[in-house]
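Please look over the sequence and the model shown below before reading the report that follows.

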Amino acid sequence: MNLKDQARIWIKTVVGNHLGRNIRTFKFVTYTGETSHNQLGGVSYLLPAEGKVVEQGEDFTLIKTGPGSFTIVVSKLLSEPVALEDKVSVSFYKLRRFDGTAADGSDDSSVDGCRTVMITGAETRFPATWEGRYLGINERFGASYTAIQNPYLRDMITQMEREKVDGGLRCTVNVLVDAGATNLTFTDPVEEESVATPPGMTAQIASSKFTGSVFVGYDRGADTYFIELTAGEGGDTRRIDDVHFNELGERLIEAIDDREWLKAKVVITKKAPKKRAQPQPELV
């Protein structure tokens, strides 16, 4: 039985304690860190929730967000502990760009009073462009993106944007983003120099699992990818060779991913009131 089914059974055993007498039905959403799909068939990501913690079980925490609405969160996925009756604001994982903004466009400023937001199908794109490359809602930023000439680097970028990891919740490109990638640069030689100068990309990573620079490159002779990890500034470099395109995401996860991105970010807006100590009866 998966976590969502377990959560559905659990809420039915406890929700009666938190419904008013005039409430006949209730609804809930569940955050388990697993992939969910909406009615359009796309991967869905939960909207932020605000409410009061009303129930805590061995595996789940229940937040009441309205008279008949609730959010269930797997307790170990909360970014910090909460207590019963705490008022909280909780935000959940969603795809982001390298600059930290939401990949669905919900953080973008409006243009001529209009703003485009992807209801489904949001994707993280590398800030790279070339003739014929489709950027979707990122087209407005295309002028600031790096122009790429090397065909092998173009293939790498496209594969990392499309290859799914974590059961389809995100793609290989998001492994870099979610590990705090900054200072992204591209090594973009002309095609004839791809053997002498492997095309690839470099980023600075700051996760609890790895801090330093990561270079993802293409080995033209072997027709595979490789990963170079350099710890800190000028530290030792470890190289992972013979990585096929459909293995790249998992290899990066093994090397740099601390899974902190998956946690529901909790802000306690009001602590639960402290319980008054009950006076003890005097001994006669």
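How many residues of the lining of the largest pocket are nonpolar, how many polar and how many charged?

## Basis of the model

This is a predicted model, in which local features need pLDDT of at least 70 and side-chain atom pairs count only at pLDDT 80 or more, while totals for chains, interfaces and linings use all residues. Residues are numbered from 1 along each chain as its sequence is written, and side-chain values use heavy atoms, with hydrogens and water left out.

## The largest pocket

The lining divides into 15 nonpolar, six polar and seven charged residues, where Ala, Val, Leu, Ile, Met, Phe, Trp, Tyr, Cys and Pro count as nonpolar, Asp, Glu, Lys and Arg as charged, and the others, Gly among them, as polar. The space in this pocket comes to about 630 Å³. Of its 28 lining residues, Tyr-45, Leu-46, Tyr-93, Lys-94 and Leu-95 are the closest to the centre, and β3 (43-44) and α3 are the elements that give two or more residues to the lining.

A pocket here is an open set of points on a 1 Å grid over the protein atoms alone, where a 1.4 Å probe fits, with protein on both sides within 12 Å along at least five of seven lines, and lining residues have an atom within 4 Å of a point. The volume is the space filled by probe spheres set on the points, which are joined across faces, edges and corners. Helices (H or I, at least four residues) and strands (E, at least two) are DSSP runs numbered from the N terminus.

## Two loop residues

Ser-194 sits in the loop between β12 (182-187) and β13 (200-206) and is buried, at a relative accessible area of 1%; buried means under 20%, exposed over 50% and partly exposed in between, with a 1.4 Å probe and protein chains only. Its side chain makes a polar contact of 2.9 Å with the side chain of Asn-150, and a polar atom of the Ser-194 side chain lies 2.9 Å from the backbone oxygen of Glu-191. Such a contact is a pair of N or O atoms within 3.5 Å; within protein, one must be able to donate a hydrogen and the other to accept it, and residues adjacent in sequence count only if both atoms are side-chain atoms.

Glu-131, in the loop between β8 (128-129) and β9 (146-147), counts as exposed because its relative accessibility is 78%.
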